[in-house]
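I opened this entry to record what I looked up in the structure, beginning with the core and ending with the ligand.

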Amino acid sequence: MPGAHARATTFVAETRLPTERGFYRVRGYRHANPNTGAVTEPVCVVYGDVEGLEDVPLRVHDACFTSEVLGSMKCDCKQQLEMAMDYIKDNGPGMVIYLQQEGRGIGLANKIAAYAVQEGGVDTVDANRKLGLPDDTREYTAVENMLAELGVKSVRLMTNNPRKIRELECGGIKITGRIACVVKANLFNEGYLAAKERRMAHVLDKSWMYWDAKGNTYDSLDEMEGDYGDASVDECESFAGDGTRKFN
Ligand SMILES: Nc1nc2c(ncn2[C@@H]2O[C@H](COP(=O)(O)OP(=O)(O)OP(=O)(O)O)[C@@H](O)[C@H]2O)c(=O)[nH]1
């Protein structure tokens, strides 16, 4: 993993944190967004010693104040974070990288505005568009840099989002597998989850599955050995540019 944007992410400090789930290493960083220059403070939560390892379980998680702090039931973010913390403890060493990219990058106030639009029956993608906001402005160079800094050679990514896998691969991260991260729907988030599946190609089944760069799926890593190459140039280009992506 090259860590091409190494100077953009600086390690600040590590502490040992006692949590309701057990003891984790928590590493704080400062990161300058290469598209906007905005500085955020990503955090890496580590269980065990990941340094120099391959196939490390990794959750790349974006902030969601409404669920993680307020307990909102409109999305699945908090449960996914908890699932990831449990997973790395039970199957570690592993990591959760927590990025301050609230609302898929539009920020908290804009996400609240999007929620207000959704109250009129508009789905999560169209609500952003009605407000003239991009679908997703998240960027993952901090992940690249943090993994390089820790010497993590390859990861198994906890996600249901194929685009996240491809985007991280485009940044040079070696992903050797996917770990599904599916949360049970409730009355308030079932429409949101359905929209993620329909509009954003999230895979919300519970099976373990592995993708190659062309989107073919396999039941095991053995089956796809040799096929899991670099993402195509087209895929990389579609994620490049000013950091703003469209889903359709
Ligand atoms: N704009 C917007 N952002 C939302 C909404 N609900 C949750 N979020 C944000 O969405 C981000 C999480 O992205 P998701 O699309 O749920 O999932 P993902 O991270 O792409 O994919 P997974 O790895 O499978 O979880 C967090 O930053 C949340 O704050 C919403 O209705 N509108």
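I looked up the largest nonpolar core and found 37 residues, with Met95, Ile97, Val143 and Leu157 making the most contacts inside it. For such a core I took buried Ala, Val, Leu, Ile, Met, Phe, Trp, Tyr and Cys residues joined through C-beta atoms within 7 Å. A residue is buried if 20 or more other C-beta atoms, placed from the backbone, lie within 10 Å of its own. Among the elements that give two or more residues to this core are strand E5 (56–62), strand E6 (94–99), helix H5 (141–150) and helix H6 (162–170). Helices (H or I, at least four residues) and strands (E, at least two) are DSSP runs, numbered from the N terminus.

I noted that the model is predicted: local features need pLDDT of at least 70, side-chain atom pairs count only at pLDDT 80 or more, and totals for chains, interfaces and linings use all residues. Residues are numbered from 1 along each chain as its sequence is written.

I next checked Val143, which touches Val60, Ile97, Leu168 and Ile173, not counting residues up to four places away in sequence; contact requires C-beta atoms, placed from the backbone, within 7 Å.

I then turned to H6. Seven of its nine residues are buried, so H6 is largely enclosed by the rest of the structure. The buried residues include Ile165, Leu168 and Cys170. Just after H6, Gly172 takes a positive phi of about 95°.

Lastly, I examined the ligand. Of the 22 residues around the ligand, Asp62, Cys64, Thr159, Asn160 and Asn161 come nearest, where near means a C-beta atom, placed from the backbone, within 6 Å.

Note on methods:
Buried ≥ 20, exposed ≤ 12 C-beta atoms within 10 Å, placed from the backbone. Contact = placed C-beta atoms within 7 Å.
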